[in-house]
Amino acid sequence: MSGPTLFMAGERWRCFLAPSRSSLFRVLHNSCCRKKSTTPKKITPNVTFCDENAKEPENALDKLFSSEQQASILHVLNTASTKELEAFRLLRGRRSINIVKHRENFGPFQNLESLMNVPLLKYKSTVQVCNSILCPKTGGEKRKLPENRFLRKLLKPDIERERLKAVNSIISIVFGTRRIAWAHLDRKLTVLDWQQSDHWSLMKGTSYSSSVYLEEISSIISKMPKADFYVLEKTGLSIQNSSLFPILLHFHIMEAMLYALLNKTFAQEGQHQVLSMNRNAVGKHFELMIGHSRTSGKELVKQFLFDSVLKANPRVFFPSDKIVRYRQMFLSTELQRVEELYDSLLQAVAFYDLAVFDSEP
């Protein structure tokens, strides 16, 4: 019995080693594949654990700072006045006001996570604020280069960062083919004035009369108060589209005249007072972009108006003595396309958020 068994075993072994040994490779390959297929199951818990942490980053806030650092940060947040908070990077303007109001309404901050309940503060910006309190100089130097690159894309001409940080009020100006609108906002995002003006004489066919432009624009500037900056919307129209050339020419004439007349009227020690702001950057900030096109900001402005009446800490504040007039102005134009009116307000808010306060989108 043992002989045939050995012989058969030997035959099978020789069969594996013979030219048909590819069958052995298939057996070994299948065996390896089965072993490998079980490997990912062993690391699945670790992957799931990492994903859960990524979904809830606020849980990691206390782990980012030592107990001593947390105590120092909370001491500043719970005791500093609005003016003292503004000495820290990222806490200038509305954020410092919101922190003090939240503290007054709900009591001292008990932990760093509670800071994210303050309007305009999210997880990433909360971490940046904490780092700024601990190391204000280091934090500023760390973001200097990317911040400057962003500003160069957002605003023209280049402007010193210190001047932007010191802004107290701006006038945001948006013009179309038949209408000019402007909004005057201070650094607390209080609407000091907001109006529009129709000028149907600016474009008559293909006629571009310099005297008409000068007269119309001068009359508008005469109504504007003094501000730190006058921010113009930079159009995104392409010169390659020949059918839009008349409109593009009109926009360039408007921009050039506004630059010249505003700088001459409100010049301060020979410094630039007029800036151009990228239109699409404003649209992206408020999530109004669909591809390369920008949708209407009417509903967002409407929400700003309602929030100013209904909320204790609205994003944009309309003074009580003017809110009725602004709401009536809005309602009277709601059935028309008056995007210049809406855009002038949105551009002013985006300017403070992006160029002055460094708010996170």
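**Entry: the model.** I am working from a predicted model.

**Entry: H15 and H17.** I looked up how helix H15 (residues 298-310) sits against helix H17 (residues 339-356). They pack at an angle of about 65°, with axes 9 Å apart. That makes H15 roughly perpendicular to H17, since 65 to 115 degrees counts as such. The crossing of H15 past H17 is left-handed. I then listed who makes the contact: Lys298, Leu300, Val301 and Phe304 come from H15, and Tyr342, Leu345 and Leu346 from H17. Sorted by class, that contact has 6 nonpolar residues, no polar ones and 1 charged.

**Entry: the cores.** Which residues have the most contacts inside the largest nonpolar core? I got Leu155, Leu185, Trp194, Phe229, Phe318, Leu345 and Phe351, in a core of 44 residues. H17 gives the most to this core, with 12 residues. I also checked Leu345: setting aside neighbours within four places in sequence, Leu345 is in contact with Ala183, Leu185, Val191, Trp194, Val301, Phe304 and Phe318. There is a second, separate core of 23 residues, and I noted Ile217, Met254, Met257 and Val274 among them.

**Entry: Val76.** I found Val76 in helix H5 (residues 67-79). Is Val76 buried or exposed? Its relative accessible area is 17%, so Val76 is buried, the cut-off being under 20%. Not counting residues up to four places away in sequence, Val76 touches Leu85, Phe88, Arg103 and Ile133. I also looked up Leu134, which is 58 residues from Val76 in sequence and 10.0 Å away in space, C-alpha to C-alpha.

Terms used. Residues numbered from 1 in each chain as written. Predicted model: local features only at pLDDT ≥ 70, side-chain atom pairs only at ≥ 80, totals over all residues. Heavy atoms only, no water. Axes fitted to C-alpha atoms, helices over the stretch in contact; angles between N-to-C directions. Helix = DSSP H or I, 4+ residues; strand = E, 2+ residues; numbered from the N terminus. Parallel < 35°, antiparallel > 145°, perpendicular 65-115°, else oblique. Left-handed = near helix turned anticlockwise from the far one by under 90°. Contact = heavy atoms within 4.5 Å. Nonpolar A, V, L, I, M, F, W, Y, C, P; charged D, E, K, R; others polar. Core = buried A, V, L, I, M, F, W, Y, C linked by side-chain atoms within 4.5 Å. Buried < 20%, exposed > 50% of the residue type's maximum accessible area, 1.4 Å probe, protein only.
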